[in-house]
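Trainee: I have a new model open and could use a guided walk through it. Can we take it piece by piece?

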Amino acid sequence: MKKSLLRTSLLLMTLLLLVSSAAAEFDALAALRYRTSYVYAFSQGRDKGSCRMLRGDIELTVILISADGQPWTVQDLGNVNRSVDKALATLEREASDYGVALSITPVYYRTTAPADVDTQGWRENAIASIPELADVQSWTNRPVLFCLNTPGRCFARTGSESMEYVIYYVDYDPGTVRHELLHLFGAEDFYFHEEVEAAAIRHLPRSVMLNSDTNAETDPLTAYLVGWTEEPEGAAASFMADISHLTNESVETAREIDQQSGTGTFKLESGMYYGTLEMGVRNGLGLYQWESGMSYVGDWTWNTFDGRGTLTWADGSYYTGEFDDDNRTGKGTYVGPDGTVYTGDFINGRQTGRGTLTFPDGSSYTGDISDGKRNGKGTFTWSDGSSYTGEFVRDVISGMGMMTFSNGDTYIGQFKDGAMHGTGTMYYSDGTVKNGKWENGIFLGE
Ligand SMILES: [Zn+2]
């Protein structure tokens, strides 16, 4: 009896030891996994770097740079002032919603130091030209915003114990200023990795780190990372749980893809791109083939169709010509899916102005066009050789005009809904002339 008890307890002890060593192994594995996780990596940004916690009195240094020597316009200055003011006011209000006192004061500096922003050293030049910034590298909790009066992709340089800064380009909205400033204090992007983005859309859909719209908000995870809360709470915790399996490496790879530069072949979010990329932004000459079957080849300006190019849709229809700010604007040719060809003026993708339409049946029109319709004055020629020159109302012959029939008869006068209607004269090819009133194509008399 005693013996068997001893044996049982020995067996139990052995089992317990086995279980606990397995648990220790599991803990070690879990710890290792955690250390390589994306969640761990971005959590390390909290209270680190030269910009630590976004709280208390903070001075924001704004340095206005004349990109490539181009002077600042009153309008660009106004845009920057308005965006910065609005961004700071929003951050202060949001901090106070978390019970955190925050007051950010912008101090503006202007430099005329040469700034060829494509070459190294322009930032150092700018700093060196402003005596007040002599010890900028040793500042703590003093963010720096370099403002450039040229288009570009804003970004934040973070994670450094010396100066953390934002490069800010004109025409961006206050949401972008907030997004980048939050980065300096530890916030993380939620948009460039597919799974992170999906989890953010589920749990933090209004986050300014997902989409830097003016109306986007500082989400609870960002609030934790910038030091407004002690723990990631509520939706922040659910979001972190959903992405806890992701390794930092996999997310870093996605970040690199999002920010790649150079000329060559790139796999982008929704297709392949062959051309020039600057920090993930299509700029210069390039061909983008979307997975949807659409493609564009031509000039790009900051991810928009701008200049000359050809846009081809999945159904085979295409436009070739001028683009402005993503729109077909200027002169161009559109070939529709049915083979109809329009060559002429475009305004914001609409066939409007003057142009020539050629139809698959061989007929054609040259003249005034409004929204793709014959409207105003023009000439229509049928494939049998007959033609009409005169007024059109929304694709219909109406008003004054001259119709030449294929047999040589010619009518000059009024038309309505495509027929001779009103006063007019018919010159028959045999020499007879009928002059008088017409109704729906029928001669009523003199
Ligand atoms: Zn960002």
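Trainee: How far apart are the end C-alpha atoms of helix 3?

Mentor: Keep in mind that this is a predicted model. Helix 3 has 24 residues, so at 1.5 Å a residue it should span 34 Å. The computed value agrees with that: the end C-alpha atoms are 35 Å apart.

Trainee: Which residues touch the most other members of the largest nonpolar core?

Mentor: That core has 59 residues, and helix 3 gives the largest share of it, six residues. In soluble globular proteins, nonpolar side chains tend to be buried together. The ones touching the most other members are Ile63, Leu145, Phe146, Cys147, Val166, Tyr168 and Val226.

Trainee: Let's zoom in on Ile63. Is it buried or exposed?

Mentor: Ile63 is in strand 1. Not counting residues up to four places away in sequence, it touches Tyr109, Thr111, Ala126, Val144, Leu145, Phe146 and Cys147. The cut-off for buried is 20 or more other C-beta atoms within 10 Å. Ile63 has 24, so it is buried.

Trainee: How far apart in space are Ile63 and Tyr168, C-alpha to C-alpha?

Mentor: Along the sequence, Ile63 and Tyr168 are 105 residues apart. Setting aside neighbours within four places, Tyr168 is in contact with Leu145, Phe146, Cys147, Cys154, Val177 and Glu180, and Leu145, Phe146 and Cys147 are also among the residues that Ile63 touches. From C-alpha to C-alpha, Ile63 and Tyr168 are separated by 9.9 Å.

Trainee: How many residues are in the second, separate core?

Mentor: Some members to click on are Tyr319, Tyr342, Phe380 and Trp438. The size of that second core is 23 residues.

Trainee: How far apart do the C-alpha centres of domain 1 and domain 2 lie?

Mentor: Domain 1 covers 56-255 and domain 2 covers 262-445. The distance between their C-alpha centres is 46 Å.

Trainee: Now strand 8 and strand 9. Which residue in their hairpin takes a positive phi?

Mentor: Strand 8 (residues 281-290) and strand 9 (residues 295-301) are antiparallel, paired over six bridges. One of the bridge pairs is Tyr288 with Tyr296. Four residues lie between the strands of this hairpin, and the one with a positive phi, near 105°, is Gly293.

Trainee: Which residue has a positive phi in the hairpin of strand 9 and strand 10?

Mentor: Strand 9 and strand 10 (residues 304-312) run antiparallel and are joined by six bridges, with Ser295 partnering Thr312. The hairpin has two residues between the strands, and a positive phi near 45° belongs to Trp302.

Trainee: Which turn residue has a positive phi between strand 10 and strand 11?

Mentor: Strand 10 pairs with strand 11 (residues 318-324) in the antiparallel sense, over six bridges. Gly307 has Phe323 as its bridge partner in strand 11. Five residues separate the two strands of the hairpin, and the turn residue with a positive phi of about 95° is Gly316.

Trainee: Last one: what is the radius of gyration of the protein?

Mentor: The protein has nine helices and 22 strands. For 446 residues the globule rule gives 22 Å, and the protein is well over that, so it is more spread out than a compact globule. Its C-alpha trace spans about 130 × 80 × 40 Å along the principal axes. The radius of gyration is 34 Å.

Notes:
Residues numbered from 1 in each chain as written. Predicted model: local features only at pLDDT ≥ 70, side-chain atom pairs only at ≥ 80, totals over all residues. Domains from an automatic or database assignment. Pairing = 2+ DSSP bridges. Core = buried A, V, L, I, M, F, W, Y, C linked by C-beta atoms within 7 Å. Buried ≥ 20, exposed ≤ 12 C-beta atoms within 10 Å, placed from the backbone. Contact = placed C-beta atoms within 7 Å. Expected span 1.5 Å × (residues − 1). Rg over C-alpha atoms; globule rule 2.2 N^0.38 Å.
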